Amino acid sequence: MNNKLKKKIYLILWVITGMLFGFLIGNLIELSWLYLAWGTNLPLWIYAVTIILGIIFGLWAGPKAWQKIYIEGARGKKYIIKS
């Protein structure tokens, strides 16, 4: 597997992780919404906002993690990508 494909897959997985994190935060907001007894009609835009923020988080954290792990070698010398 070449390095460009590996980097794309890595970044896609970070974006998926961000989406799942956003969905989890949306669920926690819904749980607190129901706990406070504000009704059962939670606006759907809350899920949209949290998922979009999760995607933005994945797009931000993915390149940072790639740099730290595969360029700087934070996990060890065997993970450093040689150009």
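These legends describe close-up views of one predicted model. Residues are numbered from 1 along each chain as its sequence is written, and side-chain values use heavy atoms, without hydrogens or water. In this predicted model, local features need pLDDT of at least 70, side-chain atom pairs count only at pLDDT 80 or more, and totals for chains, interfaces and linings use all residues.

View 1. Helices are DSSP runs of H or I with at least four residues, strands are runs of E with at least two, and both are numbered from the N terminus. The C-alpha atoms fill a box of roughly 55 × 20 × 15 Å along the principal axes.

**View 2. Helix H1 covers residues 3-35.** H1 has 33 residues, so at 1.5 Å a residue the helix should span 48 Å. That expected span is 1.5 Å times one less than the number of residues. The end C-alpha atoms of H1 are 48 Å apart, which agrees. After H1 comes Ala37, with a positive phi near 60 degrees.

**View 3. The buried residues of H1 pack against helix H2 (45-71).** They are Tyr10, Val15, Gly18, Gly22, Gly26 and Trp33. Buried means under 20% relative accessible area, with a 1.4 Å probe and protein chains only. Across the chain, buried residues make up 24% of the 83 residues.

View 4. Among contacts with a separation of 6 or more, 59% join residues 24 or more positions apart. A contact means heavy atoms within 4.5 Å.

Technical notes:
Buried means under 20% relative accessible area, exposed over 50%, partly exposed in between (1.4 Å probe, protein chains only).
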